[in-house]
Amino acid sequence: MKIEHVALWAKDLEKMKEFYETYFNVTSTKRYHNPKTGFYSYFVIFDSGSRLELMAKQHLSPRIADSLGYAHLAIAVGTKEAVNAYVEKFLAAGFPLLSGPRTTGDGYYEAVIQDPEGNLLELTID
């Protein structure tokens, strides 16, 4: 078994798709639209085959930080040097660095940033 994909609700679907395309070199599917429900989505596909579904529709409840459920998405970018380079790229683009780069107590080398809508992204080594 494997996790087939992870999904995120988005306020600005196009902006989120552009973010993942720009910073993580993903490919995107054609935008799906269900006119009956007003639902829109894209799948963004990483080189490894992992997929992230970005979804949007009207009338979503605002997210509550530190609530049960989704906490973060970890993306392995390669080496410590790659994590550091991503941090510099995100800082230069004005994205907040929330933690790191550092080696955690359980041995991960990571840095935590936010995507354009505040979702936590943990950048790690392979």
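Which residues does Lys-17 touch, not counting residues up to four places away in sequence? In this predicted model, Lys-17 is found in helix H1, and its contacts beyond that sequence range are Ser-28, Tyr-42, Val-44 and Leu-54. With a relative accessibility of 15%, Lys-17 counts as buried, because the cut-off for that class is under 20%.

Helix H1, which spans residues 13-24, packs against helix H2, residues 80-92, at an angle of about 135° and with the two axes 12 Å apart. The two helices are therefore oblique to each other, and H1 passes H2 in a right-handed crossing. On the H1 side the contact is made by Phe-19, Tyr-23 and Phe-24, which meet Tyr-86, Lys-89 and Phe-90 of H2. The residues of this contact divide into five nonpolar, no polar and one charged.

Turning to the strands, an open sheet of four strands is found in the order E6-E9-E8-E7, with mixed pairing. Strand E6 (73-78) and strand E7 stand at the edges, each with a single partner strand, so that one side of each is left without a neighbour in the sheet. Neighbouring strands of the sheet are turned against each other by 20° on average, when direction is ignored. Helix H2, described above for its packing with H1, also packs on this sheet, where it touches E6, E7, E8 and E9, and its direction makes about 20° with that of E8.

The pairing within the sheet can be followed strand by strand. E6 and E9 pair in the parallel sense over five bridges, and Gly-78 stands opposite Ile-125 in E9. By contrast, strand E7 (residues 97-103) and strand E8 (residues 109-114) run antiparallel and are joined by four bridges, with Val-112 in E8 as the bridge partner of Ser-99. The hairpin formed by E7 and E8 has five residues between the strands, and in this hairpin Gly-107 takes a positive phi near 95°.

Leu-120 lies in strand E9, which covers residues 120-125. At 28% relative accessibility, Leu-120 counts as partly exposed. Although Leu-120 and Leu-73 are 47 residues apart in sequence, their C-alpha atoms are 6.4 Å apart in space. When residues up to four places away in sequence are not counted, Leu-120 touches Tyr-70, Ala-71, His-72 and Leu-73, together with Leu-98, Val-112, Ile-113 and Gln-114.

Technical notes: Residues numbered from 1 in each chain as written. Predicted model: local features only at pLDDT ≥ 70, side-chain atom pairs only at ≥ 80, totals over all residues. Heavy atoms only, no water. Pairing = 2+ DSSP bridges. Axes fitted to C-alpha atoms, helices over the stretch in contact; angles between N-to-C directions. Parallel < 35°, antiparallel > 145°, perpendicular 65-115°, else oblique. Left-handed = near helix turned anticlockwise from the far one by under 90°. Contact = heavy atoms within 4.5 Å. Nonpolar A, V, L, I, M, F, W, Y, C, P; charged D, E, K, R; others polar. Buried < 20%, exposed > 50% of the residue type's maximum accessible area, 1.4 Å probe, protein only.
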